[in-house]
Amino acid sequence: MSTRSPSRPGLLGRRDFRLLWAGETTSMLGSSVAAVAMPLVAVVTLEASTFAVGLLTAAAWLPWLVAGLPAGAWVDRLPKRPVMLASNAVSMAVFASVPVAAWLGALTMAHLLVVAVAGGVARVFFSLAYRAYLPYLVESGRLLEANTRLQGSESAAQIAGPGLAGLLAQAFGAVSGVLADALSFGVAVLCLRSVRAREPRGEAVAASERRLLAEIRAGLRFVRGDVYLRTLTVFSAVSNIALMGYQSIQVVFLARDLGAGPGQVGVVLALAGAGGLCGAVVAGRVAGRFGTARGFLLCEAFAAPMLLLGPSGGLALFAVGGFGVGAGIVASNIMTSTFRQQYCPKDLFARVTASTSALNYGAVPLGGLLGGALGEAIGVRETLWLMAVLQLGSIGVLLTSPIRRLRDLPAGL
């Protein structure tokens, strides 16, 4: 696959893409802050148990398992931009309720769990609409560049977010990071409202003309019958159990086992997140040199063993391991996201995405619960080791699939 270098001017010179990119970069930064702030609120403010912190991660991803399939069918029926606007507005409201409740002295673990679930539902609808909307905004030949820029922004946000969360927690309390997330969704709403691009008329079909269960089955059949989508879905499910089992208790490990304060936790996670930015920078070059299929395999094979470094020592090794994991996974995600956008029919795209996401993102709450439960039962460090070994094992799914014989992932049916 050939693509223009992401460093050349092009997409950022387009008003609509620039607005989408700016809004999502801001939102990603807020979400990266909240990803650290929410567990910190649970650990520091509410003195929650390790299992409760794992449950918080599980609650945020549970909507993919429960609502992912019908959401995909609904999103395929509707114009994508209004769905994205509504999702961001809901996220802004629910996350803003956390600092309000804290200032009123009424914040509880139950409140955090409800917010995590509600924010997760909004995220499901936004993610499905967002991925389906991008091919209308950017032509097929520029999708790798677009995904590289967006993933690069997400990785940059993951570098800045944890450090900012730590600084906000030390200066104003952990809930201030959640407030920052709410404000970031407000900025995303303003930017998205200014985007002019719309889907062609006739793309969205009235709900009365379709049957929900039949639509869901069509998406599932497409994924089940396609060897590439089926392989990537199974691999992602196993990988996500391992990664989220690990990530759900990493703040507990850093704060309690290694004795890091909120500021140190933020710095370590920011350094680890820098790997994602590196992965976004090199993704296009890796794809061009080795091909998208081989490049994807190389990136995943590099990332998996790096996870073993986290529980091996102190803060420095944790940061180095996280850097390597982030670099490999972000680069591979760029390639597979571009593959799906080019490969799947547009009228089925949200349903196909929902079908794959219901399994691979639906595995995330299982990973969160598993991490929390095992952390309580056998110890936090031991659980990190176990999740790292499981991530290594997930590579076997790819090595026994037809993908290992390809240079490039197919660009269309």
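Modeller: Start with a term: helices here are DSSP runs of at least four residues, numbered from the N terminus. Keep in mind that this is a predicted model.

Now the part itself. The structure holds three cavities of 30 Å³ or more. Take the second largest cavity, with about 50 Å³ of space. Which residues line the second largest cavity? Lys-80 is one of them, and so are Ala-132, Pro-135 and Tyr-136. Sort the lining by class: five residues are nonpolar, one is polar and two are charged.

Next, the aromatic rings. A search of the whole structure finds eight aromatic pairs. Some of the rings join up: Tyr-228, Phe-339 and Tyr-343 are linked by ring pairs into a cluster. In general, the distance of the centres and the angle of the planes describe a pair of aromatic rings.

Ser-401 sits in the segment after helix H15, which spans 380–399. Is Ser-401 buried or exposed? Its relative accessible area is 4%. Buried means under 20%, so Ser-401 counts as buried. What lies 2.8 Å from a polar atom of the Ser-401 side chain? The backbone oxygen of Leu-398 does.

Terms used:
Residues are numbered from 1 along each chain as its sequence is written. This is a predicted model: local features need pLDDT of at least 70, side-chain atom pairs count only at pLDDT 80 or more; totals for chains, interfaces and linings use all residues. Side-chain values use heavy atoms; hydrogens and water are left out. Rings of Phe, Tyr and Trp (its six-membered ring) pair if their centres lie within 6.5 Å; planes under 30 degrees apart count as stacked, over 60 as edge-to-face and the rest as tilted. On a 1 Å grid over the protein atoms alone, a cavity is a set of points where a 1.4 Å probe fits but cannot get out, and a pocket is an open set with protein on both sides within 12 Å along at least five of seven lines; lining residues have an atom within 4 Å of a point. Grid points are joined across faces, edges and corners, and a volume is the space filled by probe spheres set on the points. Ala, Val, Leu, Ile, Met, Phe, Trp, Tyr, Cys and Pro count as nonpolar, Asp, Glu, Lys and Arg as charged, and the others, Gly among them, as polar. Helices (H or I, at least four residues) and strands (E, at least two) are DSSP runs, numbered from the N terminus. Buried means under 20% relative accessible area, exposed over 50%, partly exposed in between (1.4 Å probe, protein chains only). A polar contact is a pair of N or O atoms within 3.5 Å; within protein, one must be able to donate a hydrogen and the other to accept it, and residues adjacent in sequence count only if both atoms are side-chain atoms.
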